[in-house]
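I opened this notebook to record what I looked up in one protein model.

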Amino acid sequence: MQNAAVDDLQRFLRPLFLDLDGVSRLDDAERIARIAYQLHPQRTRSLELLLAFHLLGHWLDKVGNASRTALNTGISEAELRKAAASIRRLDAPLTEEERAVAAAILIDRAGPRGLAEKFSRARREGHTVLDAARETLSDTHVPEWMNDQAKEMLLQRRAERDAFARAVLDEP
C-alpha cells in the first residue's frame, strides 16, 4: 500500500484501537506486525490489510463498517470483505498471509508479555496467579499449519515464558 493510503488508514483506525479504559492497542498491532513480517517478508496488500484490521475482530463484518471504511480510506469494499474473511479464518488459516498473522499472534501471546497479561486477567476471572502459571505450563500445543520458522519462534518464546512461570511456582 502507498504511504498516503497507509497514513489515511492508520488515522481512521487509531480511535478503534482504544480499549474501554482508553489504553491504545496500537503497540500490540505493531509487535504482531513485526513478527508477521519476519514470517512473510513480502508485504502484500492482503497481508497489510489483515495486519491493519485483525485486532478489531469481526468489526468489519458489522453493518456499515466496511462501507464507512471504504469511504474514509479509499480501500474497496471488496478488499475489506476479503480481509474480514481472512480474519474469520485466523483460527484455521488457509493463505500464507493468514498463516503469518495467525502465527504472529500466537508467538506474541506465547512470551513473557503474554504471561503477564494472563496474570493481570487471572483475578478478574476468579483464578490465582499460581493457577495461571500452572495453566501456562500445560500449554504445549503447536498448530500443524505453522511452518518451521514460526514453530521455532513459538518454542523459543514459550521457553522464556515457562522459565518465568516456573520461577513463580517455585517461590516459597
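The entries below are grouped by topic.

**Basis of the values**

I worked from a predicted model, in which local features need pLDDT of at least 70, side-chain atom pairs count only at pLDDT 80 or more, and totals for chains, interfaces and linings use all residues. Residues are numbered from 1 along each chain as its sequence is written, and side-chain values use heavy atoms, with hydrogens and water left out.

**Overall fold**

I looked up the secondary structure and found nine helices and zero strands. Helices (H or I, at least four residues) and strands (E, at least two) are DSSP runs, numbered from the N terminus. The pattern along the sequence is α-α-α-α-α-α-α-α-α. I noted that the C-alpha trace spans about 60 × 35 × 25 Å along its principal axes.

I then checked burial: 40% of the 172 residues count as buried. Buried means under 20% relative accessible area, exposed over 50%, and partly exposed in between, with a 1.4 Å probe and protein chains only. For contacts (heavy atoms within 4.5 Å), I recorded that 65% of those between residues at least 6 apart in sequence join residues at least 24 apart.

**Nonpolar cores**

A nonpolar core is here a set of buried Ala, Val, Leu, Ile, Met, Phe, Trp, Tyr and Cys residues joined through side-chain atoms within 4.5 Å. In the largest one, of 40 residues, Leu 39, Leu 51, Phe 53, Val 101 and Ile 107 touch the most other members. Two or more residues each come from helix H1 (3-13), H2, helix H3 (45-53), helix H4 (65-73), helix H5 (77-88), helix H6 (96-110) and H9. H6 gives the largest share of this core, eight residues.

A second, separate core has seven residues, including Phe 119, Ala 132, Ala 133 and Val 168.

**Burial of H3**

How many of the nine residues of H3 are buried? Seven are, so H3 is largely enclosed by the rest of the structure. I listed the buried residues as Leu 47, Glu 48, Leu 49, Leu 50, Leu 51, Ala 52 and Phe 53.

**H2 with H9**

I looked at helix H2 (residues 26-39) and helix H9 (residues 148-170), which pack at an angle of about 140 degrees with axes 10 Å apart. Axes are lines fitted to C-alpha atoms, for helices over the stretch in contact, and angles run from 0 to 180 degrees between N-to-C directions. H2 and H9 are therefore oblique to each other; angles under 35 degrees count as roughly parallel, over 145 as roughly antiparallel, 65 to 115 as roughly perpendicular and the rest as oblique.

From H2, Ile 35, Gln 38 and Leu 39 meet Gln 149, Ala 150, Met 153 and Arg 157 of H9. By class I recorded four nonpolar, two polar and one charged residue. Ala, Val, Leu, Ile, Met, Phe, Trp, Tyr, Cys and Pro count as nonpolar, Asp, Glu, Lys and Arg as charged, and the others, Gly among them, as polar.

**H8 with H9**

The axes of H8 and H9 come within 9 Å and cross at roughly 140 degrees. That makes H8 oblique to H9. In this contact, Val 129, Leu 130, Ala 133, Arg 134, Thr 136 and Leu 137 of H8 meet Arg 161, Asp 162, Ala 165, Arg 166, Val 168 and Leu 169 of H9. I recorded seven nonpolar, one polar and four charged residues for the contact of H8 with H9.

**Two single residues**

Is Thr 69 buried or exposed? Thr 69, which lies in helix H4, is buried, with a relative accessible area of 0%. Leaving out residues up to four places away in sequence, Thr 69 touches Phe 12, Phe 53, Trp 59, Leu 60, Gly 74 and Leu 80.

I found Asp 139 in the loop between H8 and H9. Asp 139 is partly exposed, at a relative accessible area of 32%. Not counting residues up to four places away in sequence, Asp 139 touches Arg 158 and Arg 161. The C-alpha atoms of Asp 139 and Ala 110, 29 residues apart along the chain, are separated by 9.1 Å.
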